[in-house]
Amino acid sequence: MTQTSYGLLKGKKGIIFGPLNEQSLGWKIALACYREGAELAISNVATALKMGNTTDLARICGQAPLLVADATSDDELKALFSELKTTLGEIDFIVHSVGMSANIRKKIPYESTNYIFYNKGLEISAISLHKIIRYALEAGVLKDNGSILALTYIGAQRVFSQYNDMNDAKALLEAIARNFGSRLADRGIRVNTVSQSPTRTSAGSGISNFDAMYEYANLLAPLGNANGEECADYVITLLSDLSRKVTMQNLYHDGGFSSAGISEKLLKLLERNQPEAGV
Ligand SMILES: NC(=O)c1ccc[n+]([C@@H]2O[C@H](COP(=O)([O-])OP(=O)(O)OC[C@H]3O[C@@H](n4cnc5c(N)ncnc54)[C@H](O)[C@@H]3O)[C@@H](O)[C@H]2O)c1
């Protein structure tokens, strides 16, 4: 990762939903936004402020306002955007780095899903993007020609067995991004998703067999897995004016994983572990 600032977000303001701790993708994105000259606000749910160290991030990012809201709560989001308007003013970008599945956490198989958890997972991981955009619009806080970005995973397109109901949540998240992208284009506002490699974070590590999924992706992707800092650098380009005609896209940031079938490294590994003929 380069520490160089290109000043790509100089003069821009934005809010980042979901930084929990130093491993969080949202955390790394906030640091990169700040490095690139943006003025920030940071948000997370109240319980996360006790579990993580989001307050430290706010301090590091130029005493960024820390706005507490459950991203599934209409009232809390309405209050957040009204507060944002007075603390930061109108904004150029929104980053959605929020996700959670209680079915995954409690290791409940997809076939016997708990529907309360399933609905909650969709609310937190996907519908929250709808609510965030909606209430930002209703508060009149989003500037023209801005950028909205959400983080996703290739489970939206292909089934990753241990990704469970998050496969479904990511498919919905990407659909919401496309729908809003088409509706906000007349104001020059782009809406995209970045489909990131498996990354060691709180959410990532909660997935059963995460290490195996991580290694598999790393062996298949021609460039290897993209790490959190690299994700943040890529996100910067999508928040900047350099990508002003990119919208309604799901953009893979995965070292080429999404276009790969098999790799030499995986072939060698599988050949070494092949059962003997006839077995
Ligand atoms: N880690 C990976 O392997 C990976 C890969 C691709 C995409 N992603 C996506 O990146 C995003 C960030 O996840 P991460 O891996 O950095 O993990 P993380 O656990 O650091 O971040 C998830 C965040 O969601 C927040 N959150 C949960 N419920 C919320 C609620 N009701 N309201 C507001 N915030 C809430 C958590 O507090 C946490 O800060 C998620 O959308 C995740 O699915 C992660």
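Author: In helix H6, the buried residues are Gly121, Ser125, Ala126, Ser128, Leu129, Ile132, Ile133, Tyr135 and Ala136. Buried here requires 20 or more other C-beta atoms within 10 Å of the residue's own; exposed is 12 or fewer, partly exposed is in between, and C-beta atoms are placed from the backbone. An α-helix has 3.6 residues a turn, so residues three or four places apart point the same way.

The model is a predicted one, in which local features need pLDDT of at least 70 and side-chain atom pairs count only at pLDDT 80 or more, while totals for chains, interfaces and linings use all residues. Residue numbers start from 1 along each chain as its sequence is written. Helices (H or I, at least four residues) and strands (E, at least two) are DSSP runs, numbered from the N terminus.

The buried residues of H6 pack against strands S1 (13-17), S4 (91-96) and S5 (142-152), and against helices H4 (74-87), H5 (102-105) and H7 (166-184). Contact means that the C-beta atoms of two residues, placed from the backbone, lie within 7 Å. H6 itself spans residues 115-138 and has a kink of about 55° centred on Ile127. The bend at a residue is the angle between axes fitted to the seven residues ending there and the seven starting there. Just after H6, Gly140 has a positive phi of about 65°.

One of the packing partners, S1, is joined to strand S2 by five bridges, and the two run parallel. Strands pair if DSSP finds at least two bridges between them. Gly14 is opposite Leu40 of S2. Six of the six residues in S2 (39-44) are buried. Glu39, Ala41 and Ser43 point one way from S2, and Leu40, Ile42 and Asn44 the other. On S3 (residues 66-68), which runs parallel to S2 and is joined to S2 by three bridges, Leu67 is the bridge partner of Ser43.

Two other partners, S5 and H7, have a loop between them that holds Tyr153 and Tyr163. The UniProt annotation "active site", from an unreviewed entry, covers Tyr153 and Tyr163; UniProt positions are given in the numbering used here, feature names are shortened, and annotations may be inferred rather than shown by experiment. Tyr153 counts as buried because it has 27 C-beta neighbours inside 10 Å. Tyr163 is buried too, with 24 other C-beta atoms within 10 Å. Leaving aside residues up to four places away in sequence, Tyr153 touches Tyr163, Lys170, Ser195 and Gln196.
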